[in-house]
Amino acid sequence: MSLKKLKPTEPLEKLKIFLESKARGNDLIALPTFTWPFLVFLLGTCIGSFLNVCICRLPQDRSVVKPGSACPKCGHRLKWWENIPILSFLFLQAKCRSCGARISLQYPMVELSSGLLALALWYKFGLSPEIFIYFYFSACLIIVTFVDLAHQIVPDAVSLPGIALGFLFSFLLPELSWWDSLLGILMGGGILFLVAWGYYIIAHREGMGGGDIKLLAMIGAFLGWQAIPLVILLSAAVGSVTGLAIMSVRKGDRHMAISYGPFLAGAALITLFWGRELTAWYLAFISMG
Ligand SMILES: [Zn+2]
């Protein structure tokens, strides 16, 4: 019986059973099987709303807590019903109610991706420590992607706490030892540092920012050193195809800066969800050849 006391998820499990029994008892409530995934998606979009605030304010070194959300053009303070994830964007028809300025498509996109990632993690991990830890990780990756696309920087305010927390969380994850996490930080940070240094020696100019180095160190902290080769391979493959496509369309400067952060973030998410399958497939593939 003493073991039962130690289970931290027990209140959550009780709540889940309670909500499921409520849903079953009432015919008017939608199918009980959909209740939990729907709530998880909803919570994901609400957190996505906060991620939007982080994406807008972190590059400007502003507080993400105060003041409340306002139109960036006219300063109109948003009412609660103007601030509902995804829906407000739709019924405001992408315009500020006060001055008519266009609301960026970034807002619903961030909210939707946050909701969908929460849902995907729910289906992969269920109610477990993993879902909270990897949702935090995914949220960091969403912020990094959108900030890097707009400003070509990976904010230290995301990557540095991420490295520390990723390492601490490894003590809670049964599948990731603290040793794997620590090696992941060193390997992720070290490899890109060597690439950046090598590029600097050869080309006499900076090709990769320090932000990408810290980002890959954070990815290593959460996914372990085993994931680093796959993340580098995937991000380089997708990154170079996209880079070549952009260059051929624009026919411009081939030294033009392309953010690498979004590719690292995307590769990290693919590795989180399908890393094991991809590695098994790759090992089977090379052992055949
Ligand atoms: Zn406005």
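## Overall architecture

Read from one end of the sequence to the other, the chain follows the pattern α-α-α-α-α-α-α-α-α-α-α. This is a predicted model, and its chain contains 11 helices and zero strands.

Of the 289 residues in the chain, 30% count as buried. Among contacts with a separation of 6 or more, 69% are accounted for by residues 24 or more positions apart.

## Packing of α5 against α6

Two packed helices are described by the angle between their axes and the distance between the axes. Helix α5, residues 106-125, packs with α6 at an angle of about 155 degrees, and their axes are 10 Å apart. Because angles over 145 degrees count as roughly antiparallel, α5 is roughly antiparallel to α6. The crossing of these two helices is right-handed.

On the α5 side, the contact is made by Q106, V110, S113, S114, L117, A118, L121, W122 and F125. The α6 side contributes E130, I131, Y134, F135, S138, A139, I142 and F146.

## Helix α7

Helix α7 comprises 14 residues, 156-169. From its first C-alpha to its last it reaches 19 Å, close to the 20 Å expected at 1.5 Å a residue.

## Helix α11

Helix α11 covers residues 261-288. A straight helix of its 28 residues would span 40 Å at 1.5 Å a residue, but α11 spans only 34 Å between its end C-alpha atoms. Helix α11 bends by about 85 degrees at W274.

The buried residues of α11 are G261, P262, F263, L264, A265, A267, A268, L269, T271, L272 and G275. Their cover includes α6, α9 and α10 (228-250).

Note on methods: Residues numbered from 1 in each chain as written. Predicted model: local features only at pLDDT ≥ 70, side-chain atom pairs only at ≥ 80, totals over all residues. Helix = DSSP H or I, 4+ residues; strand = E, 2+ residues; numbered from the N terminus. Expected span 1.5 Å × (residues − 1). Axes fitted to C-alpha atoms, helices over the stretch in contact; angles between N-to-C directions. Parallel < 35°, antiparallel > 145°, perpendicular 65-115°, else oblique. Left-handed = near helix turned anticlockwise from the far one by under 90°. Contact = placed C-beta atoms within 7 Å. Bend = angle between axes of the 7 residues up to and from the residue. Buried ≥ 20, exposed ≤ 12 C-beta atoms within 10 Å, placed from the backbone.
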